[in-house]
Structures are given as structure tokens and as C-alpha cells.
Amino acid sequence: MFSEGDLVHVPQGVTMIRQVGSNLRYTTTTKPQMAVFLKYISWGSDAEIAMTDGYIWHVPHKELRFGENYVS
């Protein structure tokens, strides 16, 4: 289980979603990335993370790994 503020690793090939107004934006990671875990989303199996692109994204929490294992 992750806690708010944990550094997480988002693997390549993960689909992420964010809301822009009344629309949803989808993207898939093209390379592994680091993010900050914000919270679990109560209505599903997603987590809310803050990415280095400055946006808040929803991702399947089962795709996330603790980031400390991936920082060199």
C-alpha cells in the first residue's frame, strides 16, 4: 500500500487518464517515469499521481511500484 507523498515508478506502457473540463484525456507511457502518489480513488482500482509533466493523472494502482527501487 502506498501513502501520500510516496515516490512511485510508472512502467512503460501504462494507460493514464486525466480530466480536462468535461472531457477525458488518455495517454500511454512510452518510457518508465517517476511520480508522486497522492491517493487511492475510492470508486475503483485507480490511484491519483502527480507526474513530472505537472498534471494529475489516474492510473491503475496495481501498475505502480515503489520508486526508491528504481532511482539510481
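Predicted model: local features only at pLDDT ≥ 70, side-chain atom pairs only at ≥ 80, totals over all residues.
## Contacts of M51

Once its neighbours within four places in sequence are set aside, M51 is in contact with V10, M16, Q33, M34, A35 and W57.

## The largest nonpolar core

M51 also belongs to the largest nonpolar core, which has 13 residues, and it is listed there with V8, V10, F37, I49 and L64 as the members that touch the most other members. Strands β1, β4 (33-40), β5 (46-51) and β6 (56-60) each supply at least two residues of this core, and β5 gives the most to it, with 3 residues.

## Aromatic pairs and the aromatic cluster

The structure holds 3 aromatic pairs. One of them is formed by F2 and F66, whose ring centres lie 4.7 Å apart with 50° between the planes, an arrangement that counts as tilted. This pair links distant parts of the chain, as F2 lies in the segment before β1 (7-10) while F66 belongs to strand β7 (residues 65-66), 64 residues apart.

The two partners carry separate burial labels: F2, with a relative accessible area of 13%, is buried, whereas F66, at 35% relative accessibility, counts as partly exposed. The labels follow because buried means under 20% relative accessible area and exposed means over 50%, with partly exposed in between. Together with F37 and Y40, F2 and F66 form one aromatic cluster; F37 is also among the core residues named above.

## A charge over a ring

A further aromatic ring, that of Y55, has the charged end of R18 sitting over it, at 3.6 Å from the ring centre.

Technical notes
Residues numbered from 1 in each chain as written. Heavy atoms only, no water. Phe/Tyr/Trp six-rings, centres within 6.5 Å; stacked < 30°, edge-to-face > 60°. Helix = DSSP H or I, 4+ residues; strand = E, 2+ residues; numbered from the N terminus. Buried < 20%, exposed > 50% of the residue type's maximum accessible area, 1.4 Å probe, protein only. Lys NZ or Arg CZ within 6 Å of the ring centre and 35° of its normal. Core = buried A, V, L, I, M, F, W, Y, C linked by side-chain atoms within 4.5 Å. Contact = heavy atoms within 4.5 Å.
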